[in-house]
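Please look over the sequence and the structure below before reading on.

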Amino acid sequence: MNRESSNVSKTTFTSRVFSGIQPSGGLTLGNYLGAIKRFVAMQKPEFETIYCVVDLHALTVWQNPQELAHNSRELCAGFIAAGLDPNKSILIRQSQVPEHTQLAWIFNCIARVGWMQRMTQFKDKAGKNSQNASLGLFCYPALMAADILLYHATHVPVGDDQKQHLELTRDIASKFNHDYQIDFFPIAKPVIEGDATRIMSLRDGTKKMSKSEPSDMSRINLTDDADMIAHKIRKAKTDPEPLPMEIVGLENRPEALNLVQIYAALSDQSPEFVLQDVGGKTFSEFKKMLADLAIAELVPISTEMKRLMSDIGEIDHILCSGAEKARSIASPILQETYEIVGMT
Ligand code: TYM
């Protein structure tokens with residue numbers, strides 16, 4: 001079937017941004033700098049922006065029901081506290097827009113088992129006992145592709161660790177378009193930009209900062225108070241050398257490089273520019289500056305998150321109206337997909 005001969009109308013792709021975060025525990029500085037801060041930066045007139053609490057993705061590993069419900073609302077509160085405005089962006093909870101799972105099923109039938117087996121995040125999360133991993137964890141990237149393509153999103157801001165999933169999303173869109181001989185799904189552009197696409201652990205500069213890392217000292221949580229942020233930065237692993245004047249001097253010093261990149265991302269400067277300012281300083285001086293900066297940016301967000309969480313009804317209302325707006329975009333696209341595959 002080609003586009004002209006089908007009775008499906010030609011789609012024009014508006015610049016639409018989609019991204020999501022799992023409500024599987026609290027937000028980290030990595031989520032904030034690698035994702036949320038960039039979501040806020042993309043909230044501008046040339047883009048339609050949709051940001052999603054991906055609770056169905058979180059369910060691919062065991063979640064305590066009460067905690068999942070709490071964390072989903074808290075993540076939405078984090079979105080708003082960090083600057084996402086429900087009047088400018090559509091904020092949704094994945095499970096409240098059933099079209100995500102409907103399209104995911106079609107994509108489960110497009111994607112190949114071999115594609116899923118190559119996903120490094122599946123291998124990492126499933127660990128040695130992959131036979132015991134949930135089926136949901138295995139086909140997780142097809143649901144992620146559905147999240148994005150359900151809205152014909154053109155831009156997807158994410159951290160570096162999502163790159164392979166976005167390549168798979170492009171593969172699914174291409175295979176669908178090829179199999180049905182139609183130019184229907186856009187090839188979404190991953191937006192992995194800036195110096196904060198991979199924030200590393202405070203205890204080991206070769207490992208990603210993550211909410212699943214056992215040591216709480218390895219990360220800054222968006223719910224940490226000022227004392228805790230200062231304490232974690234003071235205890236962050238470094239090396240005995242002072243900071244260099246140029247970034248080339250940090251090549252083999254992952255912990256030092258990470259702290260400079262965090263400083264750069266928090267202050268919206270390049271690491272090169274930061275080093276012109278702090279090069280030659282000792283780590284104790286620099287850590288004090290970094291802690292002050294982190295506290296100034298993060299504490300107002302966590303305070304606002306707490307305030308928002310005192311009115312759950314308001315958060316539910318925002319998510320409910322987000323779901324309505326999202327469904328008005330998603331439902332015709334799903335309907336067209338159904339028509340293309342023969343469910344007419
Ligand atoms: P998740 O929940 O693991 O992470 C959410 C976002 O935070 C980024 N991130 C980081 N960025 C920099 N440094 C870090 N240390 C760091 N840790 C996390 C992630 O790259 C991500 O952008 N599969 C996704 C969620 C998802 C999604 C989607 C994203 C589901 N559907 C559709 C985009 C579009 C995930 O598990 O992200």
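The lining of the second largest cavity comprises 3 nonpolar, 4 polar and 2 charged residues, where Ala, Val, Leu, Ile, Met, Phe, Trp, Tyr, Cys and Pro count as nonpolar, Asp, Glu, Lys and Arg as charged, and the others, Gly among them, as polar. This is a predicted model, in which local features need pLDDT of at least 70 and side-chain atom pairs count only at pLDDT 80 or more, while totals for chains, interfaces and linings use all residues. Residues are numbered from 1 along each chain as its sequence is written, and side-chain values use heavy atoms, with hydrogens and water left out.

**Cavities**
- The structure holds 3 cavities of 30 Å³ or more, a cavity being a set of points on a 1 Å grid over the protein atoms alone where a 1.4 Å probe fits but cannot get out, with lining residues having an atom within 4 Å of a point.
- The second largest cavity, with a volume of about 50 Å³, is lined by Gln22, Gly25, Gly26, Leu27, Asn71, Glu74, Leu75, Lys211 and Met305, and α3 gives the most to this lining, with 3 residues.
- The largest cavity has a volume of about 60 Å³, and its lining consists of Met119, Gln121, Phe122, Lys125, Leu137, Tyr140, Pro141 and His165, of which 5 are nonpolar, 2 polar and 1 charged.

**Largest pocket**
- About 1,200 Å³ of space lies in the largest pocket, a pocket being an open set of points with protein on both sides within 12 Å along at least five of seven lines, and a volume being the space filled by probe spheres set on points joined across faces, edges and corners.
- Among the 49 residues that line the largest pocket, Gln22, Gln121, Asp161, Gln162 and Lys208 are the closest to its centre.
- The largest share of this lining, 5 residues, comes from α1, and by class the lining has 17 nonpolar, 21 polar and 11 charged residues.

**Overall build**
- The protein has 13 helices and 5 strands, which are DSSP runs numbered from the N terminus (helices H or I, at least four residues; strands E, at least two).
- The radius of gyration, taken over C-alpha atoms, is 21 Å, close to the 20 Å that the globule rule (2.2 Å times the number of residues to the power 0.38) gives for 344 residues, so the protein is as compact as a globular protein of that length.
- Along its principal axes, the C-alpha trace spans about 70 × 45 × 45 Å.
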